[in-house]
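Visitor: Could you take me on a close look at the last part of the chain, and show me how it sits in the rest of the protein? I would enjoy the wider setting too.

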Amino acid sequence: MAQNVFEGTAEQLKELKACILAHKDEAGALMPVLHEAQNIYGYLPAEVQTVIADGLNVPLAEVYGVATFYSQFSLNPKGKHRVSVCLGTACYVKGSDKILAEIEKELRISCGECTPDKKFSIDSCRCVGACGLAPVMIVDGDVYGKLNPKEVAAILDKYMKD
């Protein structure tokens with residue numbers, strides 16, 4: 001499992017604290033603060049969740065519970081290039097699990113993780129509406145369909161260069 005070290009800046013912390021202060025006395029402040037925190041940092045690491053819990057005077061367990069309940073929040077950083085594999089029924093039946101396994105092997109990280117250089121992250125999704133192209137992977141919005149595992153390395157190589 002890749003280890004991601006939190007690298008927040010003083011400017012980000014200042015922005016987060018200003019957001020917390022702006023929402024502190026509002027009912028339901030946690031959701032807008034979490035959204036803004038994710039916009040600031042790109043994800044919600046434990047360190048950020050702790051600042052939010054302390055700032056809003058809510059239990060850390062509540063912050064974590066909300067952050068893990070809603071799919072729009074991520075506890076892991078995202079890479080410059082976001083790789084997603086459809087695991088919906090049509091794609092899965094056509095072998096998307098093997099595509100995902102090959103991506104994990106090529107990038108040396110697991111689904112839900114980010115490479116140490118923050119160049120790539122991998123996620124899975126359910127049905128992207130391209131069932132006729134199954135199995136499908138998406139890189140930065142570019143859709144690649146009717147894949148076999150042997151094609152994965154060449155696709156990823158296109159994104160390695162930048």
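This is a predicted model: local features need pLDDT of at least 70, side-chain atom pairs count only at pLDDT 80 or more; totals for chains, interfaces and linings use all residues.

Guide: Of the 162 residues in the protein, 42% are buried. Laid along the principal axes, a box of roughly 55 × 30 × 25 Å is filled by the C-alpha atoms. The side chains include 17 positive and 21 negative ones, and the centres of these two sets lie 8 Å apart.

To find your part, follow the order of elements. There are seven helices and four strands, arranged along the sequence as α-α-α-α-β-α-α-β-β-β-α. The pattern ends with a helix, and that is the one to zoom in on: α7, residues 152–160.

Its buried residues are Val-152, Ile-155, Leu-156 and Tyr-159. They span an arc of only 95° around the axis, so they sit on the same side of α7. The general rule behind such spacing is that an α-helix has 3.6 residues a turn, so residues three or four places apart point the same way.

What lies over that side? The cover on the buried residues of α7 includes the strands β1 (81–86), β2 (120–125), β3 (137–139) and β4 (142–144), together with the helix α6 (96–107). Sequence distance matters in the protein as a whole as well: taking contacts between residues at least 6 apart in sequence, 61% join residues at least 24 apart.

Let's look across at α6, where Glu-102 lies. Is this residue buried or exposed? Its relative accessibility is 17%, and the cut-off for buried is under 20%, so Glu-102 counts as buried. Setting aside neighbours within four places in sequence, Glu-102 is in contact with Pro-149 and Val-152.

While you have the model open, turn to the aromatic rings, where two pairs are found. Phe-69 and Tyr-70 have ring centres 4.9 Å apart and planes at 85°, so they are edge-to-face. Tyr-70 and Phe-73 make an edge-to-face pair too, with 6.5 Å from centre to centre and 90° between the planes. Together, ring pairs link Phe-69, Tyr-70 and Phe-73 into a cluster. Colour these three by accessibility and you will see that Phe-69 counts as exposed at 65%, Tyr-70 as partly exposed at 33%, and Phe-73 as buried at 7%.

One more stop is the loop between β2 and β3, the place of Cys-131. With a relative accessibility of 43%, Cys-131 counts as partly exposed.

How values were computed. Residues are numbered from 1 along each chain as its sequence is written. Side-chain values use heavy atoms; hydrogens and water are left out. Helices (H or I, at least four residues) and strands (E, at least two) are DSSP runs, numbered from the N terminus. Buried means under 20% relative accessible area, exposed over 50%, partly exposed in between (1.4 Å probe, protein chains only). Contact means heavy atoms within 4.5 Å. Lys and Arg count as positive and Asp and Glu as negative; His and the chain ends are not counted. The place of a charge is taken as NZ of Lys, CZ of Arg, CG of Asp or CD of Glu. The arc is that of the directions from the helix axis to the C-beta atoms. Rings of Phe, Tyr and Trp (its six-membered ring) pair if their centres lie within 6.5 Å; planes under 30 degrees apart count as stacked, over 60 as edge-to-face and the rest as tilted.
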